[in-house]
Amino acid sequence: MNRPIRVLVAKVGLDGHDRGAKVIASSWRDEGMEVIYTGLRQTPEMVVNTALQEDVDVIGISILSGAHMTVFPRILQLMKEKGMMDVLLTGGGIIPEEDMEELKKMGVGVLFPPGTPTSESARYIREWVEKHRNF
């Protein structure tokens, strides 16, 4: 690509713990990505609308609240409705392995548990974008 990868990082719902989201946003900036951080207490609709307006390549959701089986499917549904299936939906947080597998079957990208090196998620994003968004 001849432009930086554009990533939206969001915290959805009432989850008020945003340190991890800020750390990942900063590390992805250090990796050369353009990061838009929406802040706390976003709705799925707000996230998808911002992603559409900002023409992002990736939506990254940080979730610790346990609402992942509600949040990710709703965001996917909204992305489909808006014709955004060429945008990667990924994220991380406290998500049980079996839920990660179920979300992957629905169309969510790789989800990263706490402790994952930030370079691993950055590499995944770069590889995904190169394959799916190289235009």
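## Nonpolar cores

The largest nonpolar core has 25 residues, and Val-47, Ile-59, Ile-61, Phe-72, Ile-75, Met-79 and Leu-89 touch the most other members. A nonpolar core here is a set of buried Ala, Val, Leu, Ile, Met, Phe, Trp, Tyr and Cys residues joined through side-chain atoms within 4.5 Å. Buried means under 20% relative accessible area, exposed means over 50%, and partly exposed lies in between (1.4 Å probe, protein chains only). Two or more core residues come from each of β1 (6-11), α2 (44-54), β3 (58-63), α3 and α4. Helix α3 gives the largest share, six residues. Helices (H or I, at least four residues) and strands (E, at least two) are DSSP runs, numbered from the N terminus.

Val-47 touches Leu-8, Ala-10, Val-12, Gln-42, Ile-59, Ile-61 and Ile-75, not counting residues up to four places away in sequence. Contact means heavy atoms within 4.5 Å. A second, separate core has 17 residues, including Val-58, Leu-88, Tyr-124 and Trp-128. In soluble globular proteins, nonpolar side chains tend to be buried together.

## Model and conventions

This is a predicted model; local features need pLDDT of at least 70, side-chain atom pairs count only at pLDDT 80 or more, and totals for chains, interfaces and linings use all residues. Residues are numbered from 1 along each chain as its sequence is written, and side-chain values use heavy atoms, with hydrogens and water left out.

## Helices α3 and α4

Helix α3 spans residues 68-81 and helix α4 residues 97-106; their axes come within 11 Å and cross at roughly 10 degrees. That makes α3 roughly parallel to α4. Angles under 35 degrees count as roughly parallel, over 145 as roughly antiparallel, 65 to 115 as roughly perpendicular and the rest as oblique. The axes are lines fitted to C-alpha atoms, for helices over the stretch in contact, and angles run from 0 to 180 degrees between N-to-C directions.

From α3, His-68, Met-69, Phe-72, Pro-73, Leu-76 and Lys-80 take part; they meet Asp-99, Glu-102, Leu-103 and Met-106 of α4. By class, this contact has six nonpolar, one polar and three charged residues. Ala, Val, Leu, Ile, Met, Phe, Trp, Tyr, Cys and Pro count as nonpolar, Asp, Glu, Lys and Arg as charged, and the others, Gly among them, as polar.

## Salt bridges

The model has nine salt bridges. Each is a side-chain nitrogen of Lys or Arg within 4 Å of a carboxyl oxygen of Asp or Glu. In one of them, Asp-57 meets Arg-3 at 2.8 Å, N to O. Asp-57 lies in the loop between α2 and β3 and Arg-3 in the segment before β1, so the pair ties together parts 54 residues apart in sequence. Asp-57 is buried, at 0% relative accessibility. Arg-3 is partly exposed, at 28%.

Arg-126 pairs with Glu-31, with the closest N and O atoms 2.9 Å apart. Arg-126 is partly exposed, with a relative accessible area of 33%. Glu-31 is partly exposed, also with a value of 33%. Glu-45 and Arg-74 form another salt bridge, their closest N and O atoms 2.6 Å apart. This pair links helix α2, through Glu-45, to helix α3, through Arg-74, across 29 residues. Glu-45 is partly exposed at 32%, and Arg-74 is partly exposed at 27%. Shared partners join Arg-3, Asp-55, Asp-57, Asp-86 and Arg-133 into one salt-bridge network.

Most residues other than glycine have a negative phi. Arg-41 has a positive phi, near 60 degrees. Arg-41 sits in the loop between β2 and α2 and is partly exposed, at 47% relative accessible area. Asp-55 is not a glycine either, yet its phi is positive, about 50 degrees. Asp-55 lies in the loop between α2 and β3.

Gly-93 belongs to strand β4 (residues 88-93). Gly-93 is buried, with a relative accessible area of 9%. Leaving aside neighbours within four places in sequence, Gly-93 is in contact with Ile-63, Leu-64, Phe-112, Pro-113 and Pro-114. Gly-93 and Ser-65 are 28 residues apart in sequence, and their C-alpha atoms are 8.7 Å apart.
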